[in-house]
Amino acid sequence: VQLQASGGGLVQPGGSLRLSCAASGSIFSIHHMAWYRQAPGKQRELVAFISSGGNTTYADSAKGRFTISRDYAKNTVYLQMNSLKPEDTAVYYCNALVQSSPSTPWRNYWGQGTQVTVSS
C-alpha cells in the first residue's frame, strides 16, 4: 500500500492550498485517514482526522480554517487549507489505517510528505 501526497507549495499569508493523498495498492478497506504536520524542530502533530463514517476531528489550530474530506471511491483524502498563516509552515503527511484483505491485520501507513510554506 502506498500513500501519495500532493498539493503543497509556497503561498502568501491568507492564501489557500488543497492537499490530496491517494492510497493505492492492495486495499480491502480503509478505516480512518488523517493529516499530520511537522515543522522544523518540532514533533509531528495531528492536524485533521476523518473516520470511516465521515466523522472529523481537528487540531485547535486548524479549526475554522481547514477542512478534511474523503473520496471513498478513490481512496483519497483531501485537506483544504484556508487563511493560511506562517505558523502553518511544515511538512504535511497523510496517514491511513488500511486492511489489505479480510484476513489480514490493520496496518498504519504514511505518505511521503508534502512541503507547505506560508511566507510573503
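Colleague: Hi! Where is the place of N75 in the chain?
Modeller: N75 sits in the loop between strand 7 (66-71) and strand 8 (76-81). Strands (E, at least two residues) are DSSP runs, as are helices (H or I, at least four residues), and both are numbered from the N terminus. This is a predicted model, where local features need pLDDT of at least 70, side-chain atom pairs count only at pLDDT 80 or more, and totals for chains, interfaces and linings use all residues. Residues are numbered from 1 along each chain as its sequence is written, and side-chain values use heavy atoms, with hydrogens and water left out.

Colleague: Thanks! What is the phi of N75?
Modeller: Its phi is positive, about 50°, although N75 is not a glycine. N75 is also partly exposed, at a relative accessible area of 23%. Buried means under 20% relative accessible area, exposed means over 50%, and partly exposed is in between (1.4 Å probe, protein chains only).

Colleague: And what about S83, where is that found?
Modeller: S83 lies in the loop between strand 8 and strand 9. This residue has a positive phi of about 50° and is not a glycine. With a relative accessible area of 42%, S83 is partly exposed.

Colleague: New topic: which residues form a disulfide?
Modeller: C21 and C94 do, with their sulfur atoms 2.0 Å apart. The rule asks for a pair of cysteine sulfur atoms within 2.5 Å, and the count comes to one disulfide. C21 is in strand 3 (residues 17-24) and C94 in strand 9 (residues 90-99), so the pair links distant parts of the chain, 73 residues apart.

Colleague: What kind of bond is a disulfide, in general?
Modeller: It is a covalent bond between the sulfur atoms of two cysteines.

Colleague: Are C21 and C94 buried or exposed?
Modeller: C21 counts as buried at 1% relative accessibility, and C94 is buried at 0%. The link between C21 and C94 is right-handed, with 55° about the S-S bond.

Colleague: Stepping back, how many helices and strands does the protein chain have?
Modeller: There are zero helices and 11 strands. The radius of gyration is 14 Å, close to the 14 Å that the globule rule gives for 120 residues, so the chain is as compact as a globular protein of that length. That radius is taken over C-alpha atoms, and the globule rule is 2.2 Å times the number of residues to the power 0.38.

Colleague: Last one: what share of the residues is buried?
Modeller: Buried residues make up 41% of the 120 residues in the protein chain.
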